[in-house]
Amino acid sequence: MLYIPGNNPAMLQQGSVYGADGVLLDLEDAVALNQKDAARILVSHMLQYVSYEGCEVTVRVNHIDTPFGEEDLKQIVPLQPDAIRLPKVETIDEISRIIQLVEDIENAHELPHDKMKIHVMIETALGVQNVYDIANYSSRIDAISIGGQDLAADMQLVKTNDGIGIDYARKQIVMAAKACKIDVFDTVYVDVENEEGLREEAEYIKKLGFTGKAIINPRQIEIVNEVFTPTEKEIRKAAKIVKAFERNKKEGIGVFAVDGKMVDAPVVQRALRVLEMADIDVADI
Amino acid sequence: MELKIKAQAGSFESSDVLIMVEPQPTGVGRKIELESIVMQQFGDDLLNQIHRDLDALGIDDIRVIINDKGALPPTISARLETALKRSAGLQAGTLT
Amino acid sequence: MKNILQREIPETLEGIGEIEPFQGAFTKLRKGWMEEETVPPPNKAKMPHSSKMCSNLKEAVIRTNPRNGMTVSFHHHLRGGDSILVETIKILAELGIKDITLASSSLTSAHEPILPYLKNGTITQIYSSGIRGEIGEAVAKGVMPKPFVIHSHGGRVRSVHTGKIKIDLTVIAASAADIEGNSTGAHGPSAFGSMGYAVIDARYARQVVVVTDNIVDYPCVPQAVTQNFVDYVVKVDSIGDPSKIAGGTTRITKAPMDLQIARLAAQVIEHSGELKEGFSFQVGAGGASLAVAKYIRKIMKQKVIKGSFILGGVTSYGVDMLNEGLFKSIFDVQSFDAAVSTSLMTNPYHIEITAGLYANPFNCGCMTNKLDIVVLGALEIDTDFNVNVITGSEGYVRGASGGHSDTASGANLTVVVCPSFRGRIPIVKEKVHTIVTPGESIDVLVTERGICVNPNRPELKENLIKGGIAVKEIKDLAAEVEKITGVAKPIQNEERIVGIVEYRDGTVIDVIRQVK
Amino acid sequence: MLENSDFRIEEPDLSSKYDVDLIRRFLSPLGFNFDASAVDYSIILYNLNDDIVGVGSFQGKVLKYLAVAPHFRETGAFAHIATYLTERVMMEHQQAFVFTKPENISRFVGLGYHHIASAEPLIAVLEFGYSNITKYCEYLKSIKKLNILGRTAAIVMNCNPFTLGHQYLVEKAADENELVYLFVVEEDKSTFSFVDRWNMIQAGVQHLSNVIMVKGGEYMVSEATFPNYFLKNESQDLVTQKQAELDITIFCKYIAPVLNINTRYVGTECYCSTTEQYNNALKHLLPKYDIELYEVTRKSIQLNDCKEWVSASKVREALAKGDTNRMEQFLPETTIQYLQNGLQERVKEKLEVCQLRH
């Protein structure tokens, strides 16, 4: 998921070509306070003009309690990007207010409520404490992510490269996401020059269970993709499971064994996920 | 849309356009000053687009100064819209 | 008349003479020999123990008896750091010499001080593989009375052989030379590596002056230019700005767009069928083209493939690949950074070659013919795959033909890498402003928005599709680009022809008209 | 170009030595000697990793000290800083200027700024905005009087306030020329406001029918063309000299041709070295543009047995001390009257607060 500053036309017009799974057009932290209007208008025009084919488009709006948040939603929701990302969510009350507003706007434009997904960012200590309830609040929420910079600030600590201070939060958020069976994304790695540092962090958060990692520079795409691309061994195993599942499905068998191990629905889900990340079509295996 | 003050939007950055607008007395017409790094290829296009956008908003008396660094049409429209809204005091949700 | 690519070419042109239109990349070569007569090198004699040393460049120039209408040649191995070309032209101008034909293997921004001499009749014609910056702007505006000629590196050798470029004086900068003129670029404080373009000039010029900032004990080793061709030797304090002659090592670009294109190009090469044990390889020196080497290196290591040789303009990146054992040898006609000179000096498998061996179409086979894969850039490419690397979006000359058409015609797989549009300017389009390399020599185009295979390579397309690579029709890509940028108005020209673009076989592939 | 385009802007506190030191430390290796007193506003640009990408400042409507760390030169950072500062300046003004070294001209021209003039090898000035030098020349054309045969003179005056000396110079020029364009420095940086100075001069030259008063605008001894003129302390250095050359070059290149000016009048200078340097530069540059320079000996008056030169600074000194008698000896009747209409008190207060040189 590549962050693109919402007031930067050069990046907005090229966002889809770098090979990221998704682009995140940012109206929040990457836009100066006096350019919020400019960015909002620019992103609206770009969404209607540029084809982001093959690339999931998310727009990050400003927090609903800032002077910008409501206007962002009014402009962006009618354009129905694939998803909208809400920053610094802390409580159920907040998320319910926002979703209500989103649906009011959708109603006004006669738009369905199930097309545009909602992503929630947890960036405060309170948000971390409430993360499961927030993530579980609505079926529209299909991913949550952690905002490391803001969380570190909220916790009054200096974010270090080893991420020790936000480690608990990372694990908590992953757990909540897994409990809700939704995707979970890690925070950005800001030192663009440090490719090894990025790789180490990506490997670590993959081990924690994150689905992916947000990035701020196209150069980071390759490294994160490499880390998250399944190994040949993983792919082989996943293919085997999925094939066995398809075979058994025809015969109406739900639970079966592969290589002496029980395979049930979650295992199949995981295998499908591996193939998806490796960009392999199930029909091809 | 009634323009009240001079205002600008956009930037000097590559693929962007800096648009400055200044209200003019009624009847003066549109004064458009255009500079573009793609003048030869897209100068006319650009001018037409500005006129179309102004037509759509019903703005007849205005001075527009355009400094284009090869912006695509959506960027041009967005910057013009931003500048006009700023000029008319209609910009919502921003800090100045 | 029109050439085979439907470009309008005059039958004769004042300052050039009769023009032979381009008939296809191999039409002339198929005959097996060059119809044009070649001129013999000049006859010279020197008494034993007579001195070739001159106290300064001016003295040397005067001793060569400069005259109006002469042709002076230079090499561009000092790149942006060269000061010898400008100094020589200044001396000739001071001597009141007029109507000079300047034949430099290329012209860079370091040569901009010659601008006034183009306007005042000192220099009236240019033969070069490339022209850039203010000079490129001036010549496109038509400041010179005679049309300039853009040739390829291989084509230049042919022109010298046939006497089309009849060199009266060549001034050869070297980073080390002895008092007899044996010289090299491989060592010394201003080392710049290979002297591949200078060698042909030394053999055919009536007068040969070697200029160096570094006189070494006789005999100078190695010898790129040998004493039997050298008339005079000059020791100067400086041959140019060392930091610009050979600055450090060439870095791979960090521009995300270039890297993305390079990554795609590497995938294309990987699945093309050409990336196999013992393949030979050439990439350009900058941008996306060089970045392809980074990804190819990775793939070669992963798949344990070893190549045979690297050709052409060489960067330290190529040297690294040689040292890692990924390639067996480098054949170096032009070196791009300091690390290359060191390698050239010390590694016996890093070999200096001349422009003739590199790319001249009219001999018993140049090395570009043995290329498997070459990756090239483009300023523009059209839906027939014709490539422009010479004129920019405003019609000014701002690039170099270089080895583009030479390597494109020789390689088994010619990959062009470029963005589909730059700023708002379309790069992939229906018709390029100037054709340098004909579409028939281009096999595949790689842009950030799509990969297009030349229809004359169906098996390549099949290979790519098999490898899981999405391929687009180039017409569709051009249409897609036009949808994004809008329809660009073509460049407005005067009728007057200010320059011609020669194909490597000497035919004219396109002309450059005066910019309004 | 797209490298690290996510920037953060910080507005440093120019009264804090920590912030000023930070800017100075950043600029010094890039060849700038940052003088915090010569700017009103600065920004520091960071990337997400909190590396300093670049800085920039402005004073009034003039952009200064724009620099980007070598590591970030490939990015849009320079354009980003320039956009931000230009926008800030344009909120208050009709145009923004850049004062820079000639080698940087192309970088600003690349942005869209227009080069006005240079004083090689130190200074170049460029502008951008709603107004520009072409517009100023249009203003000049609108006030231009036809004068085909005779000589046309120009005088540039600040007149802080208008003294007998000024009047003498104008009268002399009016006598010796068919037409005199009297440019009044428009920059409001003097003790007396532009409006006050303009009114005093108008009253004092009313009797001269061939004198046309002209607003100096942004181009005749203004903060954009000659900032050192408005410094509190005199500075006799190369920078001042080059600024003077710049100002004069603009006069010769743009202004004189529009009005067919062929002579310029100045008074001899005996007090202010900045003005003296300016006069020296005039001597050196005007002949290159076929404009004659007349240096008129400063008017003196007889005071208690000794001769004394007339000067505006003596007037201000006397005004500050409340020595009305002494003050009025240097002033024409018109100025005295103007001052009596309450202006005197207003200005006196201002004089007590600060000592302005002009």
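Contact here means heavy atoms within 4.5 Å. The model is predicted.

Q: How many residues of chain B are in contact with chain A?
A: The cut-off is 4.5 Å between heavy atoms. On the side of chain A, 20 residues take part. The number for chain B is 21.

Q: What area do chain B and chain A bury between them?
A: The size of an interface is often given as the accessible area lost when the parts come together. Here 57% of that area is on carbon and sulfur atoms. The total for chain B and chain A is about 1700 Å².

Q: Which side chains meet in a salt bridge across the interface of chain B and chain A?
A: The rule finds 1 salt bridge across this interface.

Q: How many residue pairs are in polar contact across the interface of chain B and chain A, and how do the residues on the side of chain B divide?
A: The rule finds 6 residue pairs in polar contact, both residues at pLDDT 80 or more. The side of chain B that touches chain A divides into 6 nonpolar, 9 polar and 6 charged residues.

Q: Are helices α8 and α14 of chain C roughly parallel or roughly perpendicular?
A: Two packed helices are described by the angle between their axes and the distance between the axes. For α8(C), residues 256-272, and α14(C), residues 458-466, the angle is about 110° and the axes are 8 Å apart. Angles of 65 to 115 degrees count as roughly perpendicular. Therefore α8(C) and α14(C) are roughly perpendicular.

Q: Which residues of α14(C) meet α8(C)?
A: The contact divides into 3 nonpolar, 3 polar and no charged residues. From α8(C) come Val268(C), His271(C) and Ser272(C). Their partners in α14(C) are Leu460(C), Asn463(C) and Leu464(C).

Q: How far apart in sequence are the parts that Glu103(A) and Arg140(A) tie together?
A: Their side chains meet in a salt bridge, at 3.3 Å from N to O. Glu103(A) lies in helix α4 and Arg140(A) in the loop between α6 and β6 of chain A, so the pair ties together parts separated by 37 residues.

Definitions and conventions: Residues numbered from 1 in each chain as written. Chains lettered and ligands numbered in written order. Predicted model: local features only at pLDDT ≥ 70, side-chain atom pairs only at ≥ 80, totals over all residues. Heavy atoms only, no water. Buried area = accessible area lost by both parts, 1.4 Å probe. Salt bridge = Lys/Arg side-chain N within 4 Å of Asp/Glu carboxyl O. Polar contact = N/O pair within 3.5 Å; in protein donor to acceptor, adjacent residues only side chain to side chain. Nonpolar A, V, L, I, M, F, W, Y, C, P; charged D, E, K, R; others polar. Axes fitted to C-alpha atoms, helices over the stretch in contact; angles between N-to-C directions. Helix = DSSP H or I, 4+ residues; strand = E, 2+ residues; numbered from the N terminus. Parallel < 35°, antiparallel > 145°, perpendicular 65-115°, else oblique.
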